[in-house]
Amino acid sequence: MKLYEVAVAAPLPGPLTYSHVESLPIGIRVLVPLGNRLLVGTVLAELSTETCASFSGEIKPIAECLDQEPLFPPALIPFFRWMADYYHHPLGETIRTALPSGLFSVQGSRSAAAKAKTEIVVRLCSPSPDQPAVKLKQSEQKTLDLFFQHCSGSPVLPRQVLTKLYPGASKALRGLAEAGLVSLEERQVLRDPFGDMLPFFDRPQTLTKEQETVVAELCRAVDADTFQPFLLHGVTGSGKTEVYLRVTEHCLKQKKNVLILVPELALASQLEAHFHSRFGSKLAVLHSGLAVGERFDQWQRVLHGGAKVVVGARSAIFAPFATLGLLIVDEEHEPAYKQDDGLRYNGRDMAVLRARFASCPVLLGSATPSVTSFYHTQQGRYKLLTMSKRIDGQLLPKVELVDLSKEKRPKQDWFFSERLTTALRDNLAQGLQSLLFVNRRGYASFMLCQDCRAVIRCRNCRVSLTLHRGSGRLICHYCGYSLKPELVCPECGSSSVSGLGIGSERVEAEARRLFPEARVARLDSDTAGKRRDYLALLQQVRDQQIDILVGTQMVAKGLHFPKMTLVGVVWADSGLALPDCKAAERSFQLLAQVTGRAGRGEHPGRVIIQTHQPQHYVIEAARDHAYEKMSSLEMELRQALGYPPFGRLINIRFSGPNESQVEETAQLAAELLHTALEQNKLEVEILGPAPAPLSLLRNRFRWQLLLKGKRIDQLHQLCELLLREKKRLCRANVRMGIDVDPENMM
Ligand code: ADP
Ligand code: ZN
Ligand code: ZN
């Protein structure tokens, strides 16, 4: 009898111990009894005989083993344990988040989704000389003829090919198999997530001087096999992707694995296409856009060594490589690296941690690094690498500001200033392409009653509804609740309710009206529902079948269109006023990214930023491409307030259907924390409790408590106290969520 430590996928503080008669591999799933239920868990360790001897209580046996082989390499277990501790999330749930979905429900754990997919193939058998010749039926002869027509010389062919061409083939093949002429075999097929849609990119012959220096330094770090973090600050169009590709080539030559994270990959990224062009079958992708089965197959290819390079979104940080030679995080400043529910981890931070566990370098890349990462380079914690020139010596585009408050235009048309209209017209006349960026999707961002000035809000969330003309609905962007737009004001009953504020749909409509001869397209999450549509639209832009592309953040990042020479930012101010300590940084990053789309070919680029606050330091820095000016101003502001990177934050959020219960719980928690602060003389500031900026979301009221301090261990100490007291604090449907290093304080 042996004892095993099992992490059960349930909200438990730690792993549990179970027994089993035979010896088990680490990393397989098992069914274990807990109370009167059976739950799925993963085997983490075999306990030593001394530990076994010290057990006195009853130890239940493992009920069933669900896998024969491990689902992840044991090297990942210390990483899982560290994350579970740091983010205050149960270990079993942490592992559930890490593995492909569908593996942890008791019914689903045996289901087909998470199994290898197989197909039947027909194999031609070479007849032995002393075998009597068989008389073939007509159907059998026809099937064989079809086989030879379609096998292109190979002795095997999927059965499906024949049965699709000829329905009688099924029966005929059985006859042929009995006669010993063919055999039918089952073999595994990999579900291919790439399809034929990704564009192909050539490998450039030579590197620029800057690229060469950076690549050489990184290759040396790869050879050293030690942990070392780098921040690559490379302006848009400086060729960061090629740096990633070259260092990856270097790793592969030495049989080292490489993991690349990109912010969002549900649809596809240019980066994925570059890696696919260069590494073909050595590449695996892991992201939420894959079907469950596809994801499982990609996971298996990584686990069994078929894939050496993984490109993936946040969750690819768990890619089951036993060893790693390099981790890369592209667009490291992106808030999308932070998961907003469940295990609230930051993929960028975890990449640095995983590199530490794997003793390898980690490369964070961005044109607009996060203020925190940039601060780390100043403190000597990360090594700074810089690429300040664009490929082929193109200049960064010229950026002009248009002060919207000085525009003398009819009120409803303010979002196409004189200057922007003229520039668009000129570009169109020269056969060049333009990009119009808006921060919001939909037609109008809110509906206002003309009589009582009430804003129409979602029934479940205290947020304004957005008008979508395409679907003819008013939609809540948080919960999806929708209404018909022909409504009367719920406050005063007036029927003169109209849309205000702009979204991408409105800009698209206006662009079509102003430039009827132009070919206008829109790219946002409403139009780019499917990967195929998205890739097709990008191809159209690349082929210059589109003159004006209107879009949201989706168009701001990573796209490279040489004929796109004009970028118009329709309204730059929308993100500046958000109640979040990173609002300014985010606005700058977005402006710099979208600005970087202009003039990436032989024609110089021009950017027009429309704003009501032309003197704001973020807008001025965006005009001057002055990243360092923006970041040093931000650092000053944050240092004064003790915000990251000068202090650490943990946000505690309480939510529930009854507002007074939520508030009461938050107050109780705050009292508990204040007492602990005084008793232990901790240097922690407790802000709140206060209602969250989104104070009602999906019918749940939300309050929060922000912990701020220089020492993360003291903040963790307070979280542990709250978790120990959770049962007493959170009665009556009130939930408590702990968000370490929050990115989103709404
Ligand atoms: P970034 O990611 O830094 O914004 P990209 O990686 O998109 O820049 O590079 C801009 C363009 O330059 C891409 O089309 C890329 O293929 C091309 N490029 C990169 N490196 C080279 C090189 N050494 N020689 C020629 N073209 C290059
Ligand atoms: Zn009204
Ligand atoms: Zn809502």
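The structure holds two cavities of 30 Å³ or more. This is a predicted model. A zinc ion (ligand 2) is held by four cysteines: Cys 449, Cys 452, Cys 489 and Cys 492. A search of the whole structure finds zero disulfides. Two cis peptide bonds also deserve a look, one from Pro 644 to Pro 645 and one from Gly 688 to Pro 689.

**Cavity**

- The second largest cavity has a volume of about 40 Å³.
- Which residues line the second largest cavity? They are Leu 435, Leu 549, Val 555, Leu 559, Phe 561, Met 564 and Arg 597.
- By class, six residues of this lining are nonpolar, none is polar and one is charged.
- Rolling a probe the size of a water molecule over the atoms shows where empty space is left.

- Which helix supplies the largest share of the lining of the second largest pocket? Helix 11 does, with six residues.
- The lining of the second largest pocket divides into 17 nonpolar, eight polar and 13 charged residues.

**Zinc site**

- Why is the arrangement around the zinc ion (ligand 2) tetrahedral? The four donor atoms subtend angles of 104 to 113°, and this makes it so.
- For comparison, ideal angles are 109.5 degrees for four tetrahedral donors.
- Along the chain, the donors follow the spacing C-x2-C-x36-C-x2-C.
- Cys 449 lies in strand 18 (residues 446-449), while Cys 489 lies in the loop between strand 21 (482-483) and strand 22 (497-500), so the pair ties together parts that are 40 residues apart in sequence.
- Both Cys 449 and Cys 489 are buried.

**Other cysteines**

- The whole structure has zero disulfides.
- Cys 360 is in no disulfide, and the nearest cysteine sulfur, that of Cys 251, is 8.3 Å away.
- A disulfide is a covalent bond between the sulfur atoms of two cysteines.
- Is Cys 360 buried or exposed? Cys 360 is buried, because its relative accessible area is 1%.
- Cys 476 also counts as buried, at 2% relative accessibility.

**Backbone features**

- Most residues other than glycine have a negative phi, and most peptide bonds are trans.
- The peptide bond from Pro 644 to Pro 645 is cis, with omega near 10°. Pro 645 sits in the loop between helix 19 (627-641) and strand 27.
- The peptide bond from Gly 688 to Pro 689 is cis, with omega near 10°. Pro 689 belongs to strand 28 (residues 684-697).
- Lys 255 has a positive phi, near 60°. Lys 255 is in the loop between helix 8 (240-253) and strand 10 (258-261). At 73% relative accessibility, Lys 255 is exposed.
- Arg 698 has a positive phi, near 50°. Arg 698 is in the loop between strand 28 and strand 29 (700-709). Its relative accessibility is 48%, so Arg 698 counts as partly exposed.

**Distances across the fold**

- Ala 429 lies in helix 13 (residues 418-429). Ala 429 is exposed, with a relative accessible area of 69%.
- How many residues apart in sequence are Ala 429 and Phe 357? They are 72 residues apart in sequence and 56 Å apart in space, C-alpha to C-alpha.
- Asp 533 is in helix 15 (residues 531-542). With 42% relative accessibility, Asp 533 counts as partly exposed.
- Asp 533 and Ala 284 are 249 residues apart in sequence and 22 Å apart in space, C-alpha to C-alpha.

How values were computed
Residues numbered from 1 in each chain as written. Chains lettered and ligands numbered in written order. Predicted model: local features only at pLDDT ≥ 70, side-chain atom pairs only at ≥ 80, totals over all residues. Heavy atoms only, no water. Donors = N, O, S within 2.8 Å, 3.2 Å for Na, K, Ca; no water. Tetrahedral: all angles 85-135°; square planar, octahedral: opposite > 155°, others 65-115°. Helix = DSSP H or I, 4+ residues; strand = E, 2+ residues; numbered from the N terminus. Buried < 20%, exposed > 50% of the residue type's maximum accessible area, 1.4 Å probe, protein only. 1 Å grid on protein atoms, 1.4 Å probe; cavity = no way out; pocket = protein on both sides within 12 Å on 5 of 7 lines; lining within 4 Å. Points joined across faces, edges and corners; volume = space filled by probe spheres on them. Nonpolar A, V, L, I, M, F, W, Y, C, P; charged D, E, K, R; others polar. Disulfide = S-S within 2.5 Å.
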